[in-house]
Amino acid sequence: MRAAFALVRVVALGAMAMLACCLPMDAWSQSQPASGPRLRLVYQTISDRGDGQWRLRDLPEGLEEWVLWEWTNDPWERKLSTSYCAISGDCRHALFVQEWLVGGYFPTWTLALADLAEPIHGGKAVTIENMFYLVDYPVWLDESRLVLGVADGPDRTERYRRPSSTS
Amino acid sequence: MTCALEKGPQPPYDFGSRKRAQVERTAEALARLPQNLVPEDLRTPERLVLAPDGAEVTVETFEMLVKSYVSLSPSGRRIAIADRGRSLTVVALDTGAQHRAEAVHLVLREATIIKDIRWSPDEGWVLFTEQHYQRGELPVGVAKPPISRKVVSLIRALEVESGEVVTLVAGENGFWVPRP
């Protein structure tokens, strides 16, 4: 009896595992119950081959979602995920730091800025600058200025100012 | 969208002292907890460092992926500890009250990492990412795992008062943004 119960349990777990493997990510996430915190969530999706997106999503309903920044991986310009994202204090902008390898070897860090206040479907973040040194600890000082740490020995900072005439 | 940033002269910003202050506050909070609540790899204050996004404190050696993470709430009254992928525990430092979220189990023979702990501004919720590496193999170093090791990442949230855990979306590295 115990062996039979164990067999049933293994079969059930196996079926659950197959379901989890086969279910598309979007279908899986849309099946979630409408509970939890009311917030907007900026998050990443990264495929097994390294393609990915930064997205903005309304929760818990999940009815609205925007792609803020996306990248496609290939062997020659391999792009990597980084966890470096800074949301401005007024919640109007997100800054992403995208690490990638040119020629599969030379590391580069790209800064991209996304508009969170009025996101547009199909509207993507804009590239600000490409850097050839590791950038981390992005911090918004106020609504228009941000500071980037540079992980190259002692901390250095780069300072930027967003023009007030942006549209 | 034509937003762009332009460089301009700004006053110096001392990252070093800010990072040290955050690590010291976290180490002091960990020292106030019962020893059994502090993961073994977080018990040496000299090894604690701030994660590169500034949200959480962890141990040195960023290449070691299976490690513990800890995040002090904005007011410093609560602390969230991810114990090497097994669970997330939130402790109120003044009362000692605890809430614990165990990692979910999606598939057989998987290995799990809990990371990206971020407090909501009101300290009512904690966001975190669970990464499940199928076939039970964790990546080595900073390299992404090969395709044969499928990764499923879930963003979950723990409500501090009730201890309720909800799975928000399939993804990773979630950041809070207040709804308009």
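Figure 1. For the complex as a whole, the predictor reports an ipTM of 0.84 together with a pTM of 0.80. A friendly reminder while you zoom in: where pLDDT is low, the predicted coordinates should not be read in detail.

**Figure 2. The elements of chain B, followed from the N terminus.** Here you can trace 1 helix and 12 strands in chain B. Starting at the N terminus, their order is β-α-β-β-β-β-β-β-β-β-β-β-β. Chain B has 180 residues, of which 38% count as buried. Taking the contacts in chain B between residues at least 6 apart in sequence, 51% join residues at least 24 apart.

**Figure 3. A close-up of Glu60(B) in its loop.** Glu60(B) sits in the loop that links β3 (57-59) to β4 (69-72) of chain B. Is Glu60(B) buried or exposed? Glu60(B) counts as exposed because it has 12 C-beta neighbours inside 10 Å, and a residue with 12 or fewer falls in that class.

Figure 4. Which residues is Glu60(B) in contact with, leaving aside its neighbours within four places in sequence? They are Arg47(B) and Val49(B). For Val152(B), the view shows a C-alpha to C-alpha separation from Glu60(B) of 26 Å in space; along the sequence, Glu60(B) and Val152(B) are 92 residues apart.

Technical notes:
Residues are numbered from 1 along each chain as its sequence is written. Chains are lettered from A and ligands numbered from 1 in the order in which they are written. This is a predicted model: local features need pLDDT of at least 70, side-chain atom pairs count only at pLDDT 80 or more; totals for chains, interfaces and linings use all residues. Helices (H or I, at least four residues) and strands (E, at least two) are DSSP runs, numbered from the N terminus. A residue is buried if 20 or more other C-beta atoms lie within 10 Å of its own, exposed if 12 or fewer, and partly exposed in between; C-beta atoms are placed from the backbone. Two residues are in contact if their C-beta atoms, placed from the backbone, lie within 7 Å.
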